[in-house]
Amino acid sequence: MASTKTSDMSRKRARVAALCGALAAVLALSAAAEAESPRVLIQRTIDEVLAILRDPKKSDAARRPELETIARDRFDFDTMSRLVMATNWKKLTPPQQAEFVDEFTRFLANDYGARIERYEQEQVEITGERPEARGDFTIKTKIVGGKNDGALVDYRMRQKSGNWKIIDVVIEGISLVANYRDQFREVAGNGGPTVVIEKLKEKNAAAPKPS
Amino acid sequence: MARALAAALLLALLAPAGAIEAEPAGDVQAAAAVPDDPSSDSHARSPGDPWEPFNRKVFAFNETVDHYALEPIATGWNTVVPDRVETCLANFFDNLQMPVHFANDLLQGKPWKAYETVWRVVVNTTVGLGGFFDPASAWQIYKSNEDFGQTLGVWGTPPGPYLVLPLLGPSSPRDATGMAVDAAATAPVSWYFIPVYVTVPARSVDIVNRRALALETIREERKAAFDWYAAVRSAFTQYRENQVRDRAEAPKEPQETQDEDLYGLDEDE
């Protein structure tokens, strides 16, 4: 978006402005507006997750798929897959990459569902935010109450086609992406990157709810 | 402790780190207890772990000890002792560690934190009935977790290679030195004033109790891991670095570099 085609740009801007005007009313009414700020998105996610966990009418079995749906919507599993595989990503063929994303998504969604289930008596407070390299954004949260009182959980966000998505969860300084990257490096080091896919499949097959 | 556990619950990996944070020997041991590791023979592919073959052996040993001794005992303990009592015991032992945290607060030039630590002990020892309860946290007088390993870090000592100690679990030359210094500074006091028939059982109770509190967390985390050794190593290393960095106020260079690396999509080409 440099300075060369200024007229083009301003025309575009005018059009955008007009559109915005037309949609303003709709957007104002919609809680789930496009291009929600990272902070608002995290707040909304927290609210939704806690609502599911605290709904006394829902059994654990009913909660799990709902939590997984939220995970699939809020996380950018595609980016996360590349980050955890790092140098091994390019060693996979495109179909293998697709397979990896698919299996890793299932694994993390399930894992997220299992972990988050235990959090019902806790509150989550957003304590701050911080811009990061590459246009990323970190939202800092703190767990209040319950067994995990005081635990710090940061969400690293990246914008993807206009929407902010979570690309990492950092708990007390421990990055989920870094952790799985370190593990996958070892696994791939002992037999190649496709072994990671096999292991993911094994885990997903063993999961109680492969959704 | 609560914090460490919290994190552990989410990611698990915290267990080892939490251990160190809470009580040098107790949880570390727990954390170190680990199941079979499929990729046991990888040859130092990991930066920061040149001693990997040795470390994996010690890790496997710790795992075995946990599997056949500590975990079963902690499981039994857990069925007999109510959760509330477990928490109270953990609070009690935490409170006893405060002199260590106090000294390290001072060594790191944090007089305000040292002051808070004193306050905590006063509040929890009195209102908290000898330290079994933790009213201080409810009043936002948070726990300091400084130890000498962190103090060395704040003074600029790098951790050195990852190191797994027999029974004590994940560490580094810096943190192992710190642990020894903390122990050497406090042990004589307890040896002198408290008879062995009290300290040894008390210590055992502390270790078993902490392992009991982490039972579910560690079980879950082992299950979620692809390479449990690497998972624990990664969590421990990141957790300790974060602990040191938090206190060192200025962000450290290596972290920045690692950060770049971690979130870049294009460096793999």
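1. Hairpin in chain A. Strand 1 of chain A and strand 2 of chain A form a hairpin, with five residues between them. In the turn, A:R134 has a positive phi of about 65 degrees. This is a predicted model.

2. Pairing of the two strands. Strand 1 covers residues 123-131 of chain A and strand 2 covers residues 137-144. The two run antiparallel, and eight bridges join them. One facing pair can be named: A:G128 stands opposite A:K140, which belongs to strand 2 of chain A.

3. A:R134 in the loop. This residue sits between strand 1 and strand 2 of chain A. A:R134 is not a glycine, yet its phi is positive. Is A:R134 buried or partly exposed? It counts as partly exposed because it has 13 C-beta neighbours inside 10 Å, whereas a buried residue needs 20 or more.

4. B:L129, a positive phi in chain B. Phi of B:L129 is about 50 degrees, and this residue is not a glycine either. B:L129 lies in the loop between helix 7 (111-126) and helix 8 (135-138) of chain B. With 13 other C-beta atoms within 10 Å, B:L129 is partly exposed. The exposed class would require 12 or fewer.

5. Chain B overall. Which elements does chain B have? The chain has 14 helices and two strands. Of its 269 residues, 51% are buried.

6. Contacts in chain B. Take the contacts between residues at least 6 apart in sequence: 69% of these join residues at least 24 apart.

Conventions. Residues are numbered from 1 along each chain as its sequence is written. Chains are lettered from A and ligands numbered from 1 in the order in which they are written. This is a predicted model: local features need pLDDT of at least 70, side-chain atom pairs count only at pLDDT 80 or more; totals for chains, interfaces and linings use all residues. Helices (H or I, at least four residues) and strands (E, at least two) are DSSP runs, numbered from the N terminus. Two residues are in contact if their C-beta atoms, placed from the backbone, lie within 7 Å. Two strands pair if DSSP finds at least two bridges between them.
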